[in-house]
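Hi everyone, thanks for coming. Let me bring the structure up on the screen, and then we can walk through a few spots together.

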Amino acid sequence: MTLAVRYTSARTLDTAPVETVPPGPGEVELAPAYVGICGTDLHIFHGDMDARVSAPAVLGHEMSGRVVRVGPDVEDWRPGDAVTVMPLRWDDTCPACRNGHQHVCQYLDFLGIDSPGAMQQRWTVATSTLVRLPDSIPLDRAALVEPTAVAVHDVGRAAVGEGEKVVVVGGGPVGILIALVARAAGADVRVVELSAHRRLLAEELGLTAWNPAADDVPVLVREWTGDAGADVAFEVSGAAGGVDTAVEVLGVRGRLCLVAIHSRPREVNLHRFFWRELTLVGARLYDRSDFEKAVTLLADGTIPAERLISKVVPLTQTPAAFEALEGGGDVMKILVDCTDDAQGVAV
């Protein structure tokens with residue numbers, strides 16, 4: 001048995017023993033070290049994904065850890081190897097997969113949503129999901145590889161280029177990561193965020209942040225760009241007002257990259273799309289190359305992961321951590337410590 005965090009019903013989590021699954025052919029057993037709590041986990045917690053999540057469900061997909069046991073035919077991995085997991089399993093037969101878009105497989109199994117996730121002391125996964133970590137990245141910081149891979153994928157989907165003007169609407173963890181990745185690609189970046197705490201963090205990281213409650217963001221963008229408008233806007237807020245801002249700030253032939261999950265349809269100023277020949281791009285998940293680039297960005301310090309980690313809690317305190325994250329503004333990333341010595345040894 002191993003201790004795990006489980007979603008049981010809307011706004012209800014527990015920590016309970018679950019069966020340890022021994023690794024079969026093509027599988028390894030991991031000891032998760034740190035697991036991040038993300039916006040999708042909060043959607044599950046709120047009951048918004050009950051049609052997809054089968055309770056009781058072990059959560060968690062932003063993780064780092066080590067291999068502890070390998071399946072009978074596994075040769076490339078050894079106990080002690082430091083890894084993160086790209087939490088996607090695709091069927092390789094659907095039209096999306098056949099066209100080379102496995103990460104948006106029409107029958108995608110997303111670990112931590114559709115099948116058991118990483119918030120447990122032992123986790124058995126396919127070797128195809130493993131991404132090797134260098135020794136230079138501490139395991140707590142390595143838990144941010146997955147959200148950094150999201151940002152890498154988003155910036156790539158928006159085709160951000162050297163010297164472009166980029167507006168990121170929403171300065172939570174993914175928004176800040178997008179801003180940092182876009183800056184590393186040579187863009188000039190502005191972050192739009194209501195939370196004073198998050199704006200301060202952005203500015204400490206060398207980013208310029210604006211408060212949409214006090215600043216006229218479209219006017220500031222026109223001044224910043226010489227009335228041209230931004231080349232790219234990322235909508236990361238998940239709010240109707242964020243959509244309006246992201247559309248309004250774009251210049252002629254600007255690109256709007258939709259990152260946030262909007263739980264309901266939004267009104268969009270389509271006349272603006274017509275008038276300025278705007279492009280809307282969706283960005284979901286990542287592929288292996290995005291993960292590998294994310295590892296590099298963390299290893300070379302481009303992403304200062306330690307600055308984004310607000311708190312680390314033992315696995316047994318995860319329910320309280322979810323409640324703390326609902327407050328939003330004063331917290332960035334909370335990590336769950338799944339190591340045995342944090343709450344008792346797995347048996």
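Let's start with the open sheet, which has 3 strands in the order β2-β1-β4, paired in the antiparallel sense. The edges are taken by β2, residues 12-18, and β4, residues 57-58; each has a single partner strand, so one side of each is left without a neighbour in the sheet. If you look at β1, residues 2-9, you'll find 2 bridges joining it to β4 in an antiparallel pairing. For one of the contacts to point at, take Arg-6: its bridge partner in β4 is Val-58. Please keep in mind that this is a predicted model.

Now for the cysteines. How many disulfides does the structure hold? The count is 0. Cys-338 is in no disulfide either; its nearest cysteine sulfur belongs to Cys-38, 14 Å away. And Cys-338 is buried too, with a relative accessible area of 0%.

Last stop: His-153, which sits in helix α4, residues 145-157. Is His-153 buried or exposed? With 10% relative accessibility, it counts as buried. Leaving aside residues up to four places away in sequence, His-153 touches His-103 and Ala-283, then Arg-284, Leu-285, Tyr-286 and Asp-287, and also Asp-290.

That's my tour, so over to you for questions!

Conventions: Residues numbered from 1 in each chain as written. Predicted model: local features only at pLDDT ≥ 70, side-chain atom pairs only at ≥ 80, totals over all residues. Heavy atoms only, no water. Pairing = 2+ DSSP bridges. Helix = DSSP H or I, 4+ residues; strand = E, 2+ residues; numbered from the N terminus. Disulfide = S-S within 2.5 Å. Buried < 20%, exposed > 50% of the residue type's maximum accessible area, 1.4 Å probe, protein only. Contact = heavy atoms within 4.5 Å.
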